[in-house]
Amino acid sequence: MTDKSLDARAERAGIMHSFRDLFGETQVTTAETKAALLAAMGLADRDLPEPASLPFWHVCEPGQPVGIDAPEDWTLTLEDGTEQEGRGPLPTLPLGRHLLQSAGAQCWLLCAPGKLDLPPRLWGLMAPLACLRSAAEGGLGSYDDLAQLAEAVGGAGGAFVGINPIHAGFPTEPGGFSPYTPSHRRRFSPFYLPTGAQAAQPGPILILPEELPVRLHALEAEYHARDPGDAFERYLAHEGAPLHQFATHQALSEKLGTYWDKWDSAYQDPASDQVSKAARELADRVRFHAWLQYRTEGALSEAQSRATASGMRLGLYLDLAVGTHPAGAETWADRDNFAFGASLGAPPDAIAPQGQNWHLAPFNPRHLEKTGFEALALTLRQQLRFSGALRIDHILGFERAYWVPDDSPGAYVTMPREAMLAIARMEAARAGAVIVGEDLGVIPDGLQQSLIDSGILGCRLTMFEHAGDPPWYKAPQDYDEGVIASFSSHDLPTWKGWRDGHEVKTRVELGITPAEHLDDTLAWRGREVASFDGATEPYRGDAPPDGLEALASFLAATSARMVAIQVEDILEMEHQPNLPGTVWEYPNWRQRLPVGVDGIANAPLLAKTARIMKRAGR
């Protein structure tokens, strides 16, 4: 294959020829990377077909002219399965994904509101679900703990409680517990079901290889203790084959090992006779894993009901991981929608100068287009069944995704942005929910404007909203309306830790940052803190500059429609939940909170924050 042919095929497949990195340097995609990414898309030996007389997809609005002409007689299959035939102009359409066929071609009509309504001025609390228990209480945090926390925050005037992703993980691999490396994003983790089970000797750090087996054993005992009844049978009938396939995967993983790419080839195909035979032989175990999903969805539904009943406008604020494990349940069941041989990641930046490989399978954009973005729609819909708001992690991937081949440098792949945003608007409109897109990092030109135009909220972290040296912080009134504002995130220092440069020192101690950079970095942090204290002065009243009241007053005054406060700041914690660039060197996602839900509910700083937010009209 000539370089010219390879370049043309890569361009048609959306593989970018080059990009400008965070340091202003132009990075050119190598021929090896182009070939590897084409192979990951299933295009190693063939070209991407050109659109025929119709585009692959087209975005329109409910009740408005479709804005596309069919070349000949057409057949229109609506999302509900009803069909219409005709010639000439198409009828106006309802909300949904509809298939137009004409002249031997097909086009998915993605009918979504042009823009979502922004929420009113709200505030809420972010908390790590797994760690909601204190060391004295032990165990994992549960969906019941989440409901209790939501009731407490709702009673104080908060509109939401946000948590990390609760996707189904890997029951046979307790060490693989990162919420952002899921096994399946349309199924939920049963390990947060309340059981009362816990490891013998709890401590400040969750020891998951001890906690999770105890939790699973208690759930097994509950399952065998009584018949789940007719409601479970109705659930099985409603969920059908997709649930059975997921439960079969879970049962097989207990027998064959955690990751399906290590299984015997006969079991790697979910449609194989060997898998069907195994599902019959493991029928009770398959039923158990289906029951876990039944119980989990029931617990989530109850938590959301209790949250909204407490007065919360949104209730649960869930989080959708940007990708899925390449050898988990989601890719086993749905091979075509994912690219294999490449992982999602990020190019070099100030935090990770070596670049990042997240070891997550990306959606294959070409197959998404072919299927009308069904996988994305179903994934969003499932999360929005149990929440009033959903954060889409790394929504930059709706514009372009950085793919890292197994043995070559990474490159950007262009994604069908307008279609994916339309799917997000469509599913949010169905659910009456708010969508937040995490738009941090190297942001492609035009993406943030597209989010604004869609009514999808962006993210603004106050710690980064500055320029110059000494830094000048953006004033509250200069924040965009269509964003959620917070000081930090789970990947960044807490309010107390930031002021002290705690994460800077930790990185040096762990050998991530050279020790010779410590003094200069801490000096810069000192200038950041001093400047921010000046920025909060007009808003904090009599509160000291280092108190959470100063920060809360500043955030409450912003124009942002949503404001989030971290529970770690309510509890004056120094350690952040996750330290990027580490795995076992730092207890990521495993640090128990110093107090339980009652302690959070009664924390003086929660009450003070609530009063500050109320005075600001939130």
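A definition before anything else: two strands pair if DSSP finds at least two bridges between them. Helices, meaning H or I runs of at least four residues, and strands, meaning E runs of at least two, also come from DSSP and are numbered from the N terminus. What you see is a predicted model, in which local features need pLDDT of at least 70, side-chain atom pairs count only at pLDDT 80 or more, and totals for chains, interfaces and linings use all residues. Residues are numbered from 1 along each chain as its sequence is written, and side-chain values use heavy atoms, with hydrogens and water left out.

Now the parallel sheet. In which order do its 8 strands run? The order is E18-E15-E12-E9-E8-E23-E22-E19, in an open sheet with parallel pairing. E18 and strand E19 (458–461) are the edge strands, each pairing on one side only. On average, neighbouring strands here are turned by 25° against each other, direction ignored.

Take E15, residues 389–392. Strand E12 (residues 315–320) pairs with E15 in the parallel sense over 4 bridges, and Leu318 has Leu390 in E15 as its bridge partner. Where do the side chains of E15 point? Ala389 and Arg391 point one way, Leu390 and Ile392 the other way, and all are buried, that is, under 20% relative accessible area with a 1.4 Å probe and protein chains only, where exposed is over 50% and partly exposed is in between.

Arg460 stands opposite Ala485 in E22.

Helix H3 (residues 143–155) lies across strand E8 (122–126), strand E9 (160–162) and E12, at about 140° to E9. Angles run from 0 to 180 degrees between N-to-C directions, and axes are lines fitted to C-alpha atoms, for helices over the stretch in contact. Contact means heavy atoms within 4.5 Å.

Next, the antiparallel sheet. It is open, with 4 strands in the order E14-E13-E16-E17. Strand E14 (356–357) and strand E17 (411–414) are at the edges with a single partner strand each, so one side of each has no neighbour in the sheet. Strand E13 (residues 342–346) pairs with E14 over 2 bridges in the antiparallel sense, and Ala346 stands opposite Gln356 in E14. Helix H2 (residues 31–40) packs on this sheet, touching E13, strand E16 (400–405) and E17, with its direction at about 105° to that of E16.

Last, helix pairs. Helix H5 (residues 230–256) and helix H8 (residues 283–309) pack at about 120°, with axes 7 Å apart. That makes H5 oblique to H8; under 35 degrees counts as roughly parallel, over 145 as roughly antiparallel, 65 to 115 as roughly perpendicular, and the rest as oblique.

H8 also meets helix H4 (residues 208–225): the axes come within 11 Å and cross at roughly 100°. H4 and H8 are therefore roughly perpendicular. In the contact, residues of H4 including Leu216 and Tyr223 meet residues of H8 including Phe288 and Trp291.

That's the tour; questions, please.
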